[in-house]
Amino acid sequence: MSGVAAIDCGTNSIRLLIADVVALDGDEVQVVDADRRMEIVRLGEGVDETGEFSAEALERTFEALRGYAEAIEAYGIPLGQDTVRMVATSATRDARNRQVFVDGVREIIGVEPEVVTGLDEAELSFVGATAELDAAAAEGEADEDFSPPFLVVDIGGGSTEFVLGGVSEDDDLVESSLSVDVGCVRMSERHLRSDPPSAEQIAAATADIDAALDEVEKVVPLREAGSVVCVAGTATTVAGIALDLPEYDSDRIHHTRVSASDLNRITDGLLRSTHAERAEIGVMHPGRVDVIGAGALVLSRVLERTGADHFTASEHDILDGVAWSLIAVGEGRA
């Protein structure tokens with residue numbers, strides 16, 4: 001196996017990772033990015049209210065996927081093989097007409113999207129975010145900011161996943177995990193409807209998030225985390241704002257530490273600003289402008305609940321976990 005392609009389709013975005021699989025000493029391998037892309041397609045737009053994908057959202061998603069299929073084939077990875085895997089998450093689990101989505105994906109890339117459970121999504125995100133951290137900790141080389149157990153938080157458009165785990169001699173690193181239906185798109189559509197949102201809307205969203213965190217704490221002991229690692233667009237965008245970057249720079253953002261005080265300041269600013277003001281932020285993707293306030297609010301409530309004084313943003317997430325799963329299949333370990 002020399003290359004794999006991983007696709008993650010969430011409520012807000014669809015992303016692609018084409019990676020080379022490089023053999024190291026012994027049986028170890030390394031995943032090296034060859035191409036990483038993201039497009040905001042808002043597949044889950046309106047699903048919380050209607051229960052179905054709209055025709056417009058489906059076409060936006062299929063158009064992006066056609067471009068990804070071309071990129072995969074151009075890199076020499078055949079479509080429809082066990083070197084390509086696509087996972088679909090929160091919105092797809094909720095939509096009544098998801099078979100239309102499944103059929104369209106199969107026609108474009110030759111494989112069906114795997115509508116993963118929230119727990120599967122959480123575990124893939126955990127593997128992707130912690131593979132390099134876990135290896136360093138196992139060898140006694142971990143940075144003090146990355147001490148296990150790791151709490152990986154994946155804030156998506158429709159849901160947020162929480163996974164706690166650490167260093168282990170076996171293949172099961174996850175100790176506890178839970179997915180809850182609290183995400184940046186869902187909270188924006190449900191609560192933060194004015195521009196900027198009113199104090200009453202923010203209070204309602206906060207209560208909704210806190211209620212979900214109450215459920216999370218029944219399963220995942222959030223305060224036991226040695227380090228909090230946050231993945232996906234909300235966390236990386238907040239990190240870019242904290243760094244005051246003029247434009248998005250994934251290398252600078254990866255493993256950036258954001259203090260709780262900076263997060264609260266940024267969240268307050270985003271919730272108080274207008275759409276036009278948020279659009280002027282250098283690191284802001286246009287597709288996140290109308291949902292970043294809700295995402296930052298989720299992130300701030302999560303960090304407060306953990307009791308940690310900072311979180312670390314990671315550019316490695318569920319996409320990397322999917323890539324690692326393909327390697328395991330290719331080597332006969334899955």
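Biologist: Which residue in strand 9 is the bridge partner of Leu-151?

Modeller: Val-228 is the bridge partner of Leu-151. Before we go on, this is a predicted model: local features need pLDDT of at least 70 and side-chain atom pairs count only at pLDDT 80 or more, while totals for chains, interfaces and linings use all residues. Residues are numbered from 1 along each chain as its sequence is written, and side-chain values use heavy atoms, with hydrogens and water left out.

Biologist: What's the strand order in the open sheet?

Modeller: 8-7-6-9-11-10, six strands with mixed pairing. Strand 8 (174-180) and strand 10 (257-259) are at the edges with a single partner strand each, so one side of each has no neighbour in the sheet.

Biologist: Which strands does helix 8 lie across?

Modeller: Helix 8 (residues 233-242) lies across strands 6, 9, 10 and 11, and runs at about 110° to strand 11 (310-314). Contact here means heavy atoms within 4.5 Å. Axes are lines fitted to C-alpha atoms, for helices over the stretch in contact, with angles from 0 to 180 degrees between N-to-C directions.

Biologist: New topic. Which residues touch the most other members of the largest nonpolar core?

Modeller: Val-153, Phe-162, Val-220, Leu-299 and Phe-311, out of 44 residues. Helix 12 (residues 292-306) gives the most to this core, 8 residues. A nonpolar core is a set of buried Ala, Val, Leu, Ile, Met, Phe, Trp, Tyr and Cys residues joined through side-chain atoms within 4.5 Å; buried means under 20% relative accessible area with a 1.4 Å probe, protein chains only.

Biologist: How many aromatic pairs are there?

Modeller: The structure holds 2. Phe-53 and Phe-101 have ring centres 5.8 Å apart and planes at 50°, so that pair is tilted. For Phe-62 and Phe-101 the centres are 6.5 Å apart and the planes at 10°, so that pair is stacked. Rings of Phe, Tyr and Trp (its six-membered ring) pair if their centres lie within 6.5 Å; planes under 30 degrees apart are stacked, over 60 edge-to-face, the rest tilted.

Biologist: Is Phe-101 buried or exposed?

Modeller: Buried, with a relative accessible area of 0%. Phe-53, Phe-62 and Phe-101 form one aromatic cluster.

Technical notes
Buried < 20%, exposed > 50% of the residue type's maximum accessible area, 1.4 Å probe, protein only. Helix = DSSP H or I, 4+ residues; strand = E, 2+ residues; numbered from the N terminus. Pairing = 2+ DSSP bridges.
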